[in-house]
Amino acid sequence: MTTATGSHPSAHRGEAGTFPTDHEFPAVWRELLAESAAWTQVDCASYLRAWCGRSPADVAARFAGVNHIGVYLGDYSSDEEVFRWHSYLEDLQRTGELTAVEMGPSYISPRQYGTPGWWLSVALPDGRVIETFTCRHFGAWPSRPLPERRRLMSHVALEVSTAEDVQAVLSGLERDIEHVEAIAYTEADDVGHTYGHLRNNATQSVLEVVYDAAKKEGVAATGEV
């Protein structure tokens with residue numbers, strides 16, 4: 001049973017709406033570790049029901065647990081802010097607290113919300129993965145209420161057992177639940193992930209579904225999801 005609270009993973013610093021400063025990084029990192037631990041044992045069927053109002057048995061049966069959490073850290077004004085966060089995470093990797101650190105530009109935020117963004121993905125020695133997201137304070141994005149921005153970017157990624165399950169979950173929920181929309185799908189990326197994102201348009205919140213081929217083969221890997 002999960003000890004997580006709220007509808008999505010979060011970091012207290014993200015409530016300010018702006019990207020954390022360098023001296024806040026250690027506190028943010030401690031929050032992310034606590035959130036990751038809290039969400040690890042989420043009951044997938046119960047979470048799906050809470051997220052969209054229903055938990056169809058044929059969909060819930062495909063879930064194998066939580067793959068990772070994604071947390072929005074606030075809007076940034078300069079890429080340098082994000083690069084400094086990346087450097088901080090690389091320092092954690094050098095000390096052995098992390099086994100992998102990856103970073104890349106978001107492709108969802110420009111297409112869906114009209115602003116650039118970044119994702120950063122880290123792997124812990126125990127196999128947990130934590131992702132952080134940020135969007136540039138630009139265009140129409142800042143006009144969205146801050147709680148909505150957090151819900152659109154912070155999310156839980158539920159793991160499924162096969163690559164085919166990803167598409168089955170996306171299409172099944174989009175077809176059967178009026179307010180759920182599939183907004184992205186990627187098949188077999190360069191680290192073996194097949195994944196997709198669903199948005200609940202009634203609550204403006206997101207759920208990710210992911211198949212991790214590397215994990216199935218017993219090989220640790222990270223990447224954008």
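Predicted model: local features only at pLDDT ≥ 70, side-chain atom pairs only at ≥ 80, totals over all residues.
View 1. Follow the hairpin around and you pass five residues between the strands, with Gly127 taking a positive phi near 95 degrees.

**View 2. Strand 3 from its other neighbour.** Strand 2 also runs antiparallel to strand 3, and six bridges hold the pairing. One spot to look for is Met103, whose bridge partner in strand 3 is Leu120.

**View 3. Both faces of strand 3.** Gly117, Trp119, Ser121 and Ala123 point one way, while Trp118, Leu120 and Val122 point the other, and all of them are buried. That makes seven buried residues out of seven, so strand 3 is largely enclosed by the rest of the structure.

**View 4. Helix 4 and what packs over it.** Helix 4 covers residues 79-94 and reaches 23 Å from first C-alpha to last, close to the 22 Å expected. Its buried residues are Glu81, Val82, Trp85, His86, Tyr88, Leu89 and Leu92. They span an arc of only 155 degrees around the axis, which puts them on the same side of helix 4. Their cover includes helix 1 (25-39) along with strands 2 (100-105), 3 (117-123) and 4 (129-135). After the helix comes Gly96, with a positive phi near 90 degrees.

**View 5. Stepping back to the chain.** Eight helices and eight strands make up the count here, and 54% of the 225 residues are buried.

Conventions:
Residues numbered from 1 in each chain as written. Heavy atoms only, no water. Helix = DSSP H or I, 4+ residues; strand = E, 2+ residues; numbered from the N terminus. Expected span 1.5 Å × (residues − 1). Buried < 20%, exposed > 50% of the residue type's maximum accessible area, 1.4 Å probe, protein only. Arc of directions from axis to C-beta. Contact = heavy atoms within 4.5 Å. Pairing = 2+ DSSP bridges.
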